[in-house]
Amino acid sequence: MTKILARVTVSVPASTSNLGPGFDCLGLALDLRNELTLELVEGSGSALIEVAGEGAATLPRGESNRIVQAARLILPKRLPGRLLFKAVNRIPLARGLGSSAAAAIAGLWAGAHLFGTLRCSEDELESLAVKLEGHPDNVAPCVHGGLTASLVENGRFSAQRLNIHPSFSAVVGVPEFELATKRARAALPKTVPLNDAVFNVSRAILLVRALETGRTRGLNGLMADRLHQPYRARLVPGLANALAAAVEAGAAGAALSGSGPSVLALVAGGSGRRVGEALRRAFAAQRVKSRSLELSVDHQGVRVERSS
Ligand code: HSE
C-alpha cells in the first residue's frame, strides 16, 4: 500500500455572481460544495488527479488541471513525494456557478494547508485566486460565503461581506448546455450608454439594501440589468421566458447567474419547488433540457475539513 505522508481535505461552495445589476462586483455563495482531498504519497513523478462527479469525463488529468496548477503556485517546488488530488465535483461546469473559481480556491487552500501550517495569509491566497480566476465576484463569495461585493483596482483586490436576510434561498435553473465565460464576455460591448450605467448602479445599491432587510416587494425590478443580460440573451435560448416564469411561479426576483447559461431565482418562502418546475418548463419550451437546484445560501465559504 502506498504510504500517505500528508493529507488535507477542503471544500468550496458554488457561487452566483452579478445578481442582475451588480455586474462583476456582487456575488452570492450557494450551498453546493466541491470537495478536494490532496495527498502527498510516497513516490515521485507528476501529479495524479482523480475526478468524480461533474466534469469526470472531460476535465484534464495531471499538471494541466486548474486545481493542480493552483496548488503548485503555493506548494514548495521540491516535495518529498508525489501529489495525488481526489476531486468530488458537484458544481456544474461552465454554467455560471463559479466552478472555475471553486477549482482555483480548492487547489490554493489545499496546497497552503497540506503541511498543517498555512504557507501564506488567507488574504494573499484570495488575491492569488483572483489573479488565477479573473473574476473577483466569484472568488469573494467562494472564499467568505454569503453575499459579497468586490473590486479590483490597479491589480489590487478588495472584498466586503454584506448581510443577506435569512429568508432568502435560491433556485437555479441549469441548462444542459455549457457556455464558456470567455464567449459570454465576448458578446459584451466595450462601452455602454450612461443611462444604462445609471440604471444598474441605482438598482445594485437598492438591491443590496433589499437583500439585507428581506424586503421582497419590487425585488425583481431591482434585479433588472442593462449591462450584460441583454447582450447575452441570444446565447441563452429561453432566458427571457425563464426569468418571467420564475417570478410568475413565486420567486422574488430572477437574473442570469454569472455569465450564464443558468438562471438564478431568489425565493423567500416555500415556492422553491414550483419555481424550479417553472424554470425547467420555460427552458423546455425552447427545446433546452435543464435541471433545477434548490439551494440555500452558503455562509461558510472555503472550509478546511481535515488535515493530517
Ligand atoms: N461577472 C462575470 C461575468 C462572472 O458576468 O462575466 C463570470 O463568472
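The side chains of R95 and E178 meet in a salt bridge at 3.8 Å, N to O, where a salt bridge means a side-chain nitrogen of Lys or Arg within 4 Å of a carboxyl oxygen of Asp or Glu. The model is predicted, with local features needing pLDDT of at least 70 and side-chain atom pairs counting only at pLDDT 80 or more, while totals for chains, interfaces and linings use all residues. Residues are numbered from 1 along each chain as its sequence is written, and side-chain values use heavy atoms, with hydrogens and water left out.

**The two domains**

- The domain assignment of the protein chain, an automatic or database one, gives domain 1 (4–163 + 298–307) and domain 2 (169–295).
- The C-alpha centres of domain 1 and domain 2 lie 25 Å apart, and the contact (heavy atoms within 4.5 Å) takes 25 residues from domain 1 and 38 residues from domain 2.
- About 2300 Å² is buried between domain 1 and domain 2, with carbon and sulfur atoms giving 64% of this area; buried area is the accessible area (1.4 Å probe) that two parts lose on being put together, summed over both.
- P21, F23 and R95 supply 30% of the area that domain 1 buries against domain 2, which is more than any other three residues.
- Between domain 1 and domain 2 the count is three salt bridges.

**The largest pocket**

- A pocket is an open set of points on a 1 Å grid over the protein atoms alone, where a 1.4 Å probe fits, with protein on both sides within 12 Å along at least five of seven lines, and its lining residues have an atom within 4 Å of a point.
- The largest pocket has a volume of about 830 Å³, and of the 45 residues that line this pocket, R66, A94, S99, S100 and A101 are the closest to its centre.
- Because domain 1 and domain 2 both give residues to the lining of the largest pocket, this pocket lies between them.
- The largest share of that lining, six residues, comes from α2, a helix being a DSSP run (H or I) of at least four residues.

**The second largest pocket**

- The second largest pocket has a volume of about 220 Å³, a volume being the space filled by probe spheres set on the grid points, which are joined across faces, edges and corners.
- Its lining includes D123, E126, K131 and R156, and α3 gives the most to this lining, with five residues.

Notes:
Helix = DSSP H or I, 4+ residues; strand = E, 2+ residues; numbered from the N terminus.
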